[in-house]
Amino acid sequence: MGSMFRSDKMALCQIFMQSEIVYETVAELGEIGLVQFKDSNEDKTIYQRTFVGDVRRCEEIERQIGFVTSEITKFEIPVLGTDNFAEVPSPTRKQIQIVEEKLEGLELELKELKENRKELMAHFTDLTEHKMVLELSENIFSDQEVINFDLNSSSSEERRAQIGYIAGCVSQSKAFPFEKMVWRVSYGNTFIRIISVDSSDDDKKCVFVIFYQGETLNEKVRKICSGFHASLYPCSSSHDERNDMLCNVNTRLEDLKTILNKTEDQQRLSLMTISKELPTFTVQVKKMKAIFHTMNCFNTDLTSKYLIAESWISEQDVPAVRDVVSRISFKNDCTVESFVDVIQTKENPPTLIRTNKFTKGFQNLIDAYGLNTYREINPGLYTIITFPFLFGVMFGDMGHGLILLVFALWMVLCEKSLIEKGWKDEIWTIFFGGRYIILLMAVFAIYAGLIYNDIFSFSLNIFGNTWVNMYNESTVLDKTVTWFTLDPKSDVHDSYIMGIDPVWQLADNKIIFLNNFKMKMSIIFGIVHMSFGLFMNASNMINFKRYSSLILEFIPQFLFLILIFGYMVFLMIFKWVVYTAQPENDNDTYLKPGCAPSVLIEFINMVMFKSTNPETLPEGCELSMYSGQQAVQISLLVIGVLCVPWLLCGKPLYIRSLRNKRKRMNDRLEFLEQTKEALLEEVSALDNQSLEGRTSVSVNYQNVNMDLSEKLVPNESVSADQDEILDPKEELAQRIELVEIEHEQLTRRLESFEIEHDDMIMGDVWIYQAIHTVEYVLSTISHTASYLRLWALSLAHAQLSEVLYTKIFRMAFSLISSYYMVPLVFSFFSVWASLTVFILVIIEGLSAFLHTLRLHWVEFNNKFFKGEGYAFTPFDFKDIFSEEELN
């Protein structure tokens with residue numbers, strides 16, 4: 001659970017791998033899924049990458065697999081997919097080459113068989129149509145041979161005088177236009193017979209025979225047939241010849257059917273053989289393609305013997321990654337071992353929060369709002385408790401919670417079988433993914449229902465009744481008495497053990513009592529929840545070493561919340577504890593119930609600097625709840641108001657001081673650089689002058705730069721003997737050394753000098769802080785009021801449950817006048833149960849869920865959670881295949 005509190009610490013690593021083992025190393029890292037690779041070739045297009053050829057090769061294999069899969073689908077051959085792709089190891093280059101050769105050969109074979117089958121089917125169609133022409137032409141030609149139908153006469157004059165004919169098939173949709181065209185072109189000098197063929201095919205055919213006279217019409221009719229894509233077939237006018245032709249056609253059709261069946265069997269056999277290996281091939285190719293895509297992100301060293309991969313790795317996973325890299329290197333007997341090097345960086349790392357099946361649902365609620373900034377406190381850890389708890393406060397009913405519990409337990413206990421069923425419905429996926437959230441929501445709903453003593457609008461007498469009936473039997477049985485008053489001074493013998501006393505179910509002032517109780521409870525929970533969020537913000541400030549924000553932001557924010565709204569919570573608790581029905585001391589009449597002031601009025605008087613009017617007080621009551629209340633309230637309000645300018649001005653003034661300090665440091669750094677250049681020039685001048693000239697120059701420089709001498713040369717470095725003459729070059733060397741030391745110290749300080757909002761000008765900083773201050777002050781008020789939704793939804797849920805019971809279920813009993821109306825009770829019960837499930841459990845449950853989500857996203861997360869991170873997305877084959885399944 002440590003990783004649930006904050007995201008894992010990440011390390012930016014460089015993985016050096018020899019070119020020969022890069023593929024195998026990346027494949028192994030993809031199996032363990034611990035490394036997020038960075039793209040080191042962002043300046044290159046995808047076509048300029050090193051392994052783009054291998055990626056295209058994988059895409060070609062995927063295309064071949066898609067072609068084979070489509071053929072398998074056509075033949076309705078079942079494909080048994082792999083249940084666990086992890087069982088399929090990452091392929092070696094040799095294995096992929098075998099797969100490629102096998103698929104390429106199968107593709108060529110299937111395409112050849114497909115082309116052959118296409119040609120055979122075309123031939124089969126021609127023979128079938130020829131058969132139809134021969135069979136249906138019996139209705140046109142007589143049994144005896146028709147004379148003068150032969151146009152093979154040698155004489156052209158005889159040929160022009162003879163009658164000819166052609167027979168064929170045309171599409172039924174074109175039959176009428178075809179007949180019309182023949183008639184118009186021949187000017188009515190043709191005789192055409194068209195016979196429809198009954199067929200189940202989509203493109204129905206018609207058999208036609210056209211009679212004409214002369215060679216000219218013969219050519220025209222044939223051109224028309226070609227234009228309408230009509231098929232022409234030989235058909236003798238002789239009955240015997242037609243029978244011979246029909247027998248020949250039938251024989252050829254049978255031979256074609258045999259060949260087509262054998263071709264189909266051959267295709268089916270090949271596809272059934274490959275279908276057993278196809279899922280494995282698919283997984284292997286996808287893994288190989290992912291590996292080469294990843295390798296395209298790597299850099300090559302100058303010798304082209306190594307590939308360098310930059311990657312993000314969790315610090316606790318770095319040893320495991322090093323073991324993998326070393327093992328692969330040792331396995332392949334590499335001359336130089338591959339290694340993992342951790343490098344320092346100021347780049348913002350990705351966020352990795354480890355979850356399991358229980359915590360994943362709660363973390364998804366937070367991720368929907370925003371992904372944690374790196375090393376920021378994760379609200380998901382506390383959401384595990386606070387989310388179902390606040391839901392239970394609004395949904396508190398033992399009966400409704402029990403219905404939710406049964407549903408959640410069914411999903412939790414049967415989760416393996418439900419996962420195996422593979423239901424892909426979107427709504428079901430959402431419910432099943434949040435099964436543990438629903439489970440805890442149900443538990444807390446039952447707990448809150450136990451506190452409210454509410455189950456389907458009933459109350460349970462679990463711990464007995466603490467109220468005592470002081471009326472005699474005759475008074476109770478008197479029908480003229482419509483109600484009784486129980487005095488808490490005398491009619492209560494003890495406090496109820498847990499929750500609400502069941503006697504309140506019968507009280508006329510039940511709503512007033514529960515309204516008061518739940519409203520104050522909502523405010524208390526809200527202040528505690530928001531205060532906890534502020535402490536989470538303080539923890540973030542300490543973790544990121546923003547100690548100034550701890551003083552300039554957290555303290556004024558916390559004081560403003562606690563001194564004003566926290567004080568209101570104090571008044572509520574003080575009123576509950578101090579004011580009782582029967583004070584311990586009879587003289588303390590100001591502590592009687594009638595003297596208990598309204599907390600809301602007290603809070604308004606505090607903010608408005610008012611006090612209670614003595615004339616409105618009951619007799620024996622005091623103006624204040626405790627001595628010195630007015631002074632305490634004024635002090636708290638003044639301090640709270642002073643927190644506003646503290647919050648408004650503190651941060652900008654601090655940032656301004658830091659910027660001025662950095663400017664002074666930069667000026668000092670520039671001065672040191674100029675001084676060093678002057679000293680170096682002095683050294684070069686000394687090298688070119690005589691001893692007398694060097695001395696005079698040194699004195700002149702010393703006079704000019706007396707300030708530098710005083711600041712940089714310690715007293716100890718100056719010789720005590722004033723008469724001793726120092727070597728000018730040694731003196732300058734000492735000064736240069738001191739300048740370099742101070743320069744290096746200032747440079748290191750400036751490198752570690754970080755200022756918040758450094759990219760803003762001071763005007764923008766003031767505006768930003770003003771917006772932040774106004775937002776916090778107003779949101780503190782609005783967020784406190786927002787928690788009243790706990791009271792509103794809880795009260796509404798209880799009242800709606802009572803209305804359904806009173807107006808539907810209980811009304812059935814008032815309608816029963818005889819035994820034969822007993823089934824009416826069951827019908828009313830069914831209506832009541834249905835409305836309870838659909839309205840009170842489902843709709844009201846979703847409403848309470850959304851309101852709880854809002855309290856966490858806006859009121860709680862707003863106090864400390866930025867959510868500006870980006871997810872850690874490791875190279876993991878499991879993630880790759882899970883995304884493809886979702887798609």
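This is a predicted model: local features need pLDDT of at least 70, side-chain atom pairs count only at pLDDT 80 or more; totals for chains, interfaces and linings use all residues.
Local features are described only where pLDDT is at least 70, and side-chain atom pairs count only at pLDDT 80 or more, while totals for chains, interfaces and linings use all residues. Residues are numbered from 1 along each chain as its sequence is written, and side-chain values use heavy atoms, with hydrogens and water left out.

Let's start with the whole chain. The protein chain holds 28 helices and nine strands; helices (H or I, at least four residues) and strands (E, at least two) are DSSP runs, numbered from the N terminus. Of its 887 residues, 42% count as buried. Here buried means under 20% relative accessible area, exposed means over 50%, and partly exposed lies in between, using a 1.4 Å probe and protein chains only. Contact means heavy atoms within 4.5 Å. Among contacts in the chain with a separation of 6 or more, 82% are between residues 24 or more positions apart.

Now find the sheet. Four strands form an open, antiparallel sheet in the order E4-E5-E3-E6. E4 and strand E6 (231-233) stand at the edges with a single partner strand each, so one side of each has no neighbour in the sheet. From one strand to the next, the twist averages 25 degrees. Angles here run from 0 to 180 degrees between N-to-C directions, and axes are lines fitted to C-alpha atoms, for helices over the stretch in contact.

Eight of its nine residues are buried, so E5 is mostly covered. Two strands pair if DSSP finds at least two bridges between them. E5 pairs with strand E3 (residues 163-171) in the antiparallel sense over nine bridges, and six bridges join E5 to strand E4 (residues 191-196), again antiparallel.

Next come the helices. Helix H2 (residues 22-32) has Val 22, Tyr 23, Thr 25, Val 26, Ala 27, Leu 29 and Gly 30 buried. An α-helix has 3.6 residues a turn, so residues three or four places apart point the same way. Just after H2, Gly 33 takes a positive phi of about 60 degrees.

Two packed helices are described by the angle between their axes and the distance between the axes. Angles under 35 degrees count as roughly parallel, over 145 as roughly antiparallel, 65 to 115 as roughly perpendicular, and the rest as oblique. Helix H18 (residues 510-543) and helix H19 (residues 547-578) pack at about 160 degrees with their axes 10 Å apart, and are therefore roughly antiparallel. Their contact divides into 21 nonpolar, five polar and two charged residues. In this scheme Ala, Val, Leu, Ile, Met, Phe, Trp, Tyr, Cys and Pro count as nonpolar, Asp, Glu, Lys and Arg as charged, and the others, Gly among them, as polar.

H18 also packs against helix H27 (residues 822-860). The angle between H18 and H27 is about 50 degrees, with their axes 10 Å apart, which makes H18 oblique to H27. His 529, Met 530, Phe 532 and Gly 533 of H18 meet His 856, Glu 859 and Phe 860 of H27. By class, these are three nonpolar, three polar and one charged.

H27 has another partner in helix H12 (residues 380-395): their axes come within 9 Å and cross at roughly 130 degrees. That makes H12 oblique to H27. The contact includes Phe 387, Phe 391 and Phe 395 of H12, and Leu 840, Phe 849 and His 856 of H27. Eleven nonpolar, six polar and one charged residues make up this contact.

Finally, two loop residues deserve a look. Most residues other than glycine have a negative phi, and most peptide bonds are trans. Asp 333, however, has a positive phi near 55 degrees; Asp 333 lies in the loop between helix H10 (318-331) and strand E9 (339-343). His 757 also has a positive phi, of about 60 degrees, and is found in the loop between helix H24 (728-751) and helix H25 (762-786). Are these residues buried or exposed? Asp 333 counts as exposed because its relative accessibility is 67%, whereas His 757 is buried, with a relative accessible area of 18%.
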